[in-house]
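Trainee: Could you walk me through reading this model?
Mentor: Gladly; let us look at it together.

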Amino acid sequence: MIKTTTKETLDAKSEAQRLSFAPVVFQTIHCLIKFNVLEVLHANRKQGIGKDGLLQEVNISDYGLGVLLEMGLLADIVKFEDDKYHLTKVGYFLLKDPMTKANFDFVRDVCYQGLFYLDDSIEKGKPEGLKVFGEWPTIYEGLSQLPPKIQDSWFKFDHFYSDDSFRDALKIVFENGPKHILDVGGNTGKFTRKCCEYDSNVQVSILDLPGQLKMAAENIEEWGYTKRVNFVPTNVLSPELPFPNGDAIWMSQFLDCFSKEQVVSILSHAKKSMTKATDLYIMETFWDNQEFDAAGFSVAATSLYFTAMANGNSKMYGLEEFEQLVEDAGLEVVKRHAIVGISHTILHCKLA
Ligand SMILES: C[S@@+](CC[C@H](N)C(=O)[O-])C[C@H]1O[C@@H](n2cnc3c(N)ncnc32)[C@H](O)[C@@H]1O
């Protein structure tokens, strides 16, 4: 009897090999960029370039260039036609696309080493990978002390997504004319700055961990808004202090830093400072509320950063899963704004 293998089976087995070697391809991409190979291919995009020509332009050995190009060929990053190497479309995006760069650098600099401890992290419910950078219970206590390159990639990843949404978000947050906004988890103060620019009378209070607030305060001073911004040192996980009273409460890419139980507890705590008139806006990337499959994939992958590096117990939530937590805290989603920016949804909430 002749054994037949269907195309579907072959494709599935091929995909399984690609996934098995995925970290090898990942590091190859890093080298192709670091050693300038992709940039030289891009500069020679019209006519292509042979291996000898490439060798003259990059500062690595014939052997080194050879193994990188061979992997690059089979991973569809470069192609070889008419005795010349060329960049593929995938190679182009890896080299030039800002979103791909933000994602790639975040995964390599912040996550790669620590992800080796993903299994321990899942077993212990703690971010066991974080030890590659220091001994903090969560990455947030260590954020202001991370090595500069790591910190830079963390901020660029975080800001790439939130910055893009801020323009649309401002219109939503200011729709009811708030005079005092709480920017909970305000981080570097970027959204607070946008609020101050948007409305010349608004006051903003940034609530964040003390180390992070110091960074925010330096930025706000540089931007000239110190008189309109209050800095409120807060650990929302041990909330002795009540939230200040605000007309609008803004939580952007914040609640994904906490477990389900913690989200309910934080929202219940926030609720104590709310009246019927208070608007609470939550901006999140929900993995199952994305326009493109690749976005859902990236958002779901980011959950594993939370598992191994950030805190061991949080994630990027699904939309309905998250709305249930809002309801459990005694709040009501009065409006869903989807999609804001590249991948966010804003939930407008009120007291139930
Ligand atoms: C992912 S960043 C979000 C930054 C910003 N809101 C944005 O949209 O780009 C999460 C922020 O939450 C803060 N944070 C984390 N844990 C916290 C805690 N227990 N109490 C207060 N702030 C916390 C972090 O310091 C950080 O600034």
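We will go from the overall fold to a helix, the ligand shell and a loop.

Mentor: This is a predicted model, in which local features need pLDDT of at least 70 and side-chain atom pairs count only at pLDDT 80 or more, while totals for chains, interfaces and linings use all residues. Residues are numbered from 1 along each chain as its sequence is written.

Trainee: How many helices and strands are there in the protein chain?
Mentor: Helices (H or I, at least four residues) and strands (E, at least two) are DSSP runs, numbered from the N terminus. The protein chain has 15 helices and 9 strands, and its C-alpha trace spans about 70 × 60 × 40 Å along the principal axes.

Trainee: Which residues touch the most other members of the largest nonpolar core?
Mentor: In soluble globular proteins, nonpolar side chains tend to be buried together. A residue is buried if 20 or more other C-beta atoms, placed from the backbone, lie within 10 Å of its own, exposed if 12 or fewer, and partly exposed in between. A nonpolar core joins buried Ala, Val, Leu, Ile, Met, Phe, Trp, Tyr and Cys residues through C-beta atoms within 7 Å. Here, Trp250 and Ile282 touch the most other members of the 65-residue largest core. Helix 14 (residues 293-310) gives the largest share of this core, 6 residues. A second, separate core has 14 residues, including Leu54 and Ile77.

Trainee: What is the kink in helix 10, and where is it centred?
Mentor: The bend at a residue is the angle between axes fitted to the seven residues ending there and the seven starting there. In helix 10 the kink is about 50 degrees, centred on Arg167. Buried residues of helix 10 include Trp154, Phe157, Tyr161 and Ser165.

Trainee: Which residues are closest to the ligand?
Mentor: A residue counts as near if its C-beta atom, placed from the backbone, lies within 6 Å of the molecule. Of the 19 residues that surround the ligand, the closest are Tyr140, Ser162, Gly185, Asn187 and Ser252. Helix 10 supplies the largest share of this shell, 3 residues.

Trainee: Is Pro147 buried or exposed?
Mentor: Pro147 is exposed, because it has 10 other C-beta atoms within 10 Å. Pro147 lies in the loop between helix 9 (139-142) and helix 10.
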